[in-house]
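Subject: Structure handover and findings

Dear colleague,

Please find the structure below.

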Amino acid sequence: MKIITFDVDITPPVGTCIAGYGIHDETWEIHDPLKMNALLMDDGSSRAALLGFDLIGMDPSLIRRFRQGFAEILQTGESDIILSCTHTHGGPQTRTNYHTDLLQPYCDEMVDKILKACREAVRNEWLETSVYFYSAAARVNTNRRYCGPENVCRFLPHWRSLEPLADGITDPEIGMLFFRDEKRRIPVEIVINYAAHPLASHARGLGGHAITADYPALIRKLVYEATRSHCTFVTGAAGDQFPIDSEIGWQNLDTIAKPIVREAARGMCEAFSFPEKFKLENPEIKSRIVPFVPKIRTDFPDERRKPSLRGKTEYSLALQLLSIGDICLVGVPGELLAELGLEIKWHSPFRKAFILYNSTDYISYICHANALVSGGYEANMQQIEYKAGLKLVNTAVDAMFEMHDERITVPEFIK
């Protein structure tokens with residue numbers, strides 16, 4: 001697999017209103033810059049790109065501009081360009097919501113800047129690498145929905161005293177891909193996938209008015225300091241996943257970032273030591289975009305609907321799959337709850353599946369049906385039908401089976 005990596009600074013100016021909390025929360029400082037991380041791949045017959053944005057989410061029209069632009073530059077199909085937004089609440093408004101519009105001038109400038117950087121990057125020499133995968137666990141996230149025996153949800157950010165009782169399902173998996181320069185025997189790109197809202201640092205007062213990528217920025221920084229490798233971070237199904245001790249200030253970034261980086265370093269050691277287990281012998285690129293058309297939820301207040309949903313009975317969404325050998329990246333349209341992300345992983349015919357958050361659209365939360373029964377913040381924000389989560393899982397799994405080689409074999413080393 002040949003690769004090229006590059007980053008683009010997408011930090012807005014101080015004074016920009018940040019997305020995710022109050023609509024008039026103006027920023028007063030830059031704590032750390034926002035980045036777009038790019039991994040370009042060439043398997044010898046197909047090219048693809050994985051793009052990670054320090055943004056809260058994107059409208060589909062903006063996503064398509066990136067897909068089309070990168071596809072034209074790489075001379076490949078739009079389905080080969082997959083992106084994910086970390087969902088930082090310390091960045092600008094790049095999605096349309098019921099009470100806010102995206103910052104169109106910022107978005108236009110960002111698109112031009114990133115596509116220009118891509119054109120310049122592909123003039124460089126593509127680096128030949130081998131691809132390894134690994135999976136570990138870091139139990140630094142928690143389910144922010146606490147449901148008592150009566151199955152009524154308390155949203156823990158509003159019930160901090162109940163946090164010790166939190167017992168909901170979490171997805172602690174750190175999904176990893178390592179791209180190794182075999183001539184120099186060093187990693188040159190590390191992809192890390194983890195499910196937790198980037199809200200380790202957000203605190204009350206002016207501490208919540210800083211531009212920041214939160215813990216993903218620290219993960220990338222620590223990876224580079226340890227390995228001098230480029231790092232692309234992509235958030236998993238984090239709809240109900242919060243960092244432990246979230247929203248208590250900048251010192252809490254270490255609490256989540258360092259354990260993840262430590263496990264990534266341990267995983268890299270083992271992956272490189274046992275290539276018969278973790279090296280992808282045929283890192284062939286395959287991709288597809290699959291339509292997903294849920295009905296609109298009828299018991300949702302019309303004044304709080306996303307503008308593009310008003311007056312409709314159903315809404316066209318999409319799932320996107322990009323596989324690299326026996327590893328599949330699954331892009332979802334919004335804030336998928338971890339339970340649904342785990343369902344996709346559990347039913348995957350691929351060796352590993354990693355979920356990409358806010359990848360194909362921003363449709364707010366997508367819950368499992370019982371989350372809507374028990375209520376709570378995520379349920380109150382879901383704008384599509386109760387069965388949408390199940391339909392999404394089934395659509396994703398069916399597409400994965402269609403894309404996967406029919407032969408599912410047991411590895412030699414455990415026969």
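A salt bridge here is a side-chain nitrogen of Lys or Arg within 4 Å of a carboxyl oxygen of Asp or Glu. Arg305 and Asp302 form such a pair, with their closest N and O atoms 3.0 Å apart. Before the rest, the basis: this is a predicted model, in which local features need pLDDT of at least 70 and side-chain atom pairs count only at pLDDT 80 or more, while totals for chains, interfaces and linings use all residues. Residues are numbered from 1 along each chain as its sequence is written, and side-chain values use heavy atoms, with hydrogens and water left out.

Salt bridges

The count by this rule is 22 salt bridges. For the burial of their partners, buried means under 20% relative accessible area, exposed over 50%, and partly exposed in between (1.4 Å probe, protein chains only).

Glu163 forms a salt bridge with Arg160, and the closest N and O atoms are 2.6 Å apart. Glu163 is partly exposed because its relative accessibility is 26%; Arg160 is also partly exposed, at 31%.

Glu173 forms a salt bridge with Lys352, the closest N and O atoms being 3.1 Å apart. Glu173 lies in strand β11 (residues 173-181) and Lys352 in strand β20, so this pair ties together parts that are 179 residues apart in sequence. Helices (H or I, at least four residues) and strands (E, at least two) are DSSP runs, numbered from the N terminus. Glu173 counts as buried because its relative accessibility is 12%, while Lys352 is partly exposed at 26%. Salt bridges that share partners join Asp171, Glu173, Lys345 and Lys352 into one network.

The sheet with β20

Strand β20 also belongs to an open sheet of four strands, in the order β16-β17-β18-β20, with mixed pairing. Two strands pair if DSSP finds at least two bridges between them. The edges are β16 (285-292) and β20 (352-356), each of which pairs on one side only. On average, neighbouring strands of this sheet are turned by 20° against each other, direction ignored; the axes are lines fitted to C-alpha atoms, for helices over the stretch in contact, and angles run from 0 to 180 degrees between N-to-C directions. β16 pairs with β17 (residues 317-324) in the antiparallel sense over eight bridges. Pro291 stands opposite Ala318 in β17.

Nonpolar cores

A nonpolar core is a set of buried Ala, Val, Leu, Ile, Met, Phe, Trp, Tyr and Cys residues joined through side-chain atoms within 4.5 Å. The largest one has 52 residues, and those with the most contacts inside it are Met41, Phe179, Ile192, Tyr194, Ile219 and Ile260. Helix α4 (residues 253-273) supplies the largest share of this core, nine residues. A second, separate core has 37 residues, including Ile73, Ala117, Ile211 and Ala217.

Tyr106

Tyr106 is in helix α2 (residues 104-121). Tyr106 counts as buried because its relative accessibility is 12%. Leaving aside residues up to four places away in sequence, Tyr106 touches Ile10, Pro12, Leu55, Pro92 and Thr94, where contact means heavy atoms within 4.5 Å. Tyr106 and Ile10 are 96 residues apart in sequence, and their C-alpha atoms are 9.0 Å apart in space.

Regards
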